[in-house]
Amino acid sequence: MYRIKQLREEKGLSQRALAKKIGASFKAVNFWENEKVEPSAKFICALADVFECTCDYLLGRSDDFGNVNVMRELTDEEKLLLGLYSSLDRRQSKEAIDFINFLISKI
């Protein structure tokens, strides 16, 4: 059982958006999600990179999401947040993390 649909929806991506990110067709993503066709190794790796998980997790072979470090360019907002965070002292950084966790819990 592939986890493509589940992971795509968790990332808030449409099938078309996912297809564009990995250089596949919308139809291919649809077929993979409905298990009509198996993705090639090239696309399995690309999907794992997008979802920042292991290929085994993506393919349903493991329930361990894995500790995958995918290097990507940070957005301008992410760079700004990191810059602001790095200027905080230890107490302030803990408060910032607590606040971000609070915001996430409201979703």
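**Exercise 1. In which helix is the place of Phe-51? Work out its surroundings too.**

*Solution.* Before starting, note that this is a predicted model, in which local features need pLDDT of at least 70, side-chain atom pairs count only at pLDDT 80 or more, and totals for chains, interfaces and linings use all residues. Residues are numbered from 1 along each chain as its sequence is written, and side-chain values use heavy atoms, with hydrogens and water left out.

Step 1: Phe-51 has its place in helix α4. Helices here are DSSP runs of H or I with at least four residues, strands are runs of E with at least two, and both are numbered from the N terminus.

Step 2: Phe-51 counts as buried because its relative accessibility is 3%. The scale runs as follows: buried is under 20% relative accessible area, exposed is over 50%, and partly exposed is in between, with a 1.4 Å probe and protein chains only.

Step 3: Setting aside neighbours within four places in sequence, Phe-51 is in contact with Ile-4, Leu-7, Arg-8, Lys-11, Leu-18, Leu-58 and Phe-65. Contact means heavy atoms within 4.5 Å.

Step 4: Take Arg-8 from that list: 43 residues separate Phe-51 from Arg-8 in sequence, while their C-alpha atoms are 7.6 Å apart in space.

**Exercise 2. Describe how α2 meets α4.**

*Solution.* Step 1: Helix α2 covers residues 15-22 and helix α4 residues 41-51; their axes come within 10 Å and cross at roughly 110°. Axes are lines fitted to C-alpha atoms, for helices over the stretch in contact, and angles run from 0 to 180 degrees between N-to-C directions.

Step 1: That angle makes α2 roughly perpendicular to α4. The classes are roughly parallel under 35 degrees, roughly antiparallel over 145, roughly perpendicular from 65 to 115, and oblique for the rest.

Step 2: The crossing of α2 and α4 is right-handed. A crossing is right-handed if the near helix is turned clockwise from the far one by less than a right angle, and left-handed if anticlockwise.

Step 3: On the α2 side, the contact is made by Leu-18, Lys-21 and Ile-22, and on the α4 side by Phe-43, Ala-46, Leu-47, Val-50 and Phe-51.

Step 4: Sorted by class, the contact of α2 with α4 has seven nonpolar, no polar and one charged residues. Ala, Val, Leu, Ile, Met, Phe, Trp, Tyr, Cys and Pro count as nonpolar, Asp, Glu, Lys and Arg as charged, and the others, Gly among them, as polar.

**Exercise 3. Are Ser-62 and Asp-63 buried, partly exposed or exposed?**

*Solution.* Step 1: Ser-62 has its place in the loop between α5 and α6, and Asp-63 lies in the loop between α5 (55-58) and α6.

Step 1: Ser-62 counts as partly exposed at 22% relative accessibility, whereas Asp-63 is exposed, with a relative accessible area of 67%.

Step 2: Not counting residues up to four places away in sequence, Asp-63 touches Arg-3 and Tyr-57. With neighbours within four places left aside, Ser-62 is in contact with Arg-3, Asp-56 and Tyr-57.
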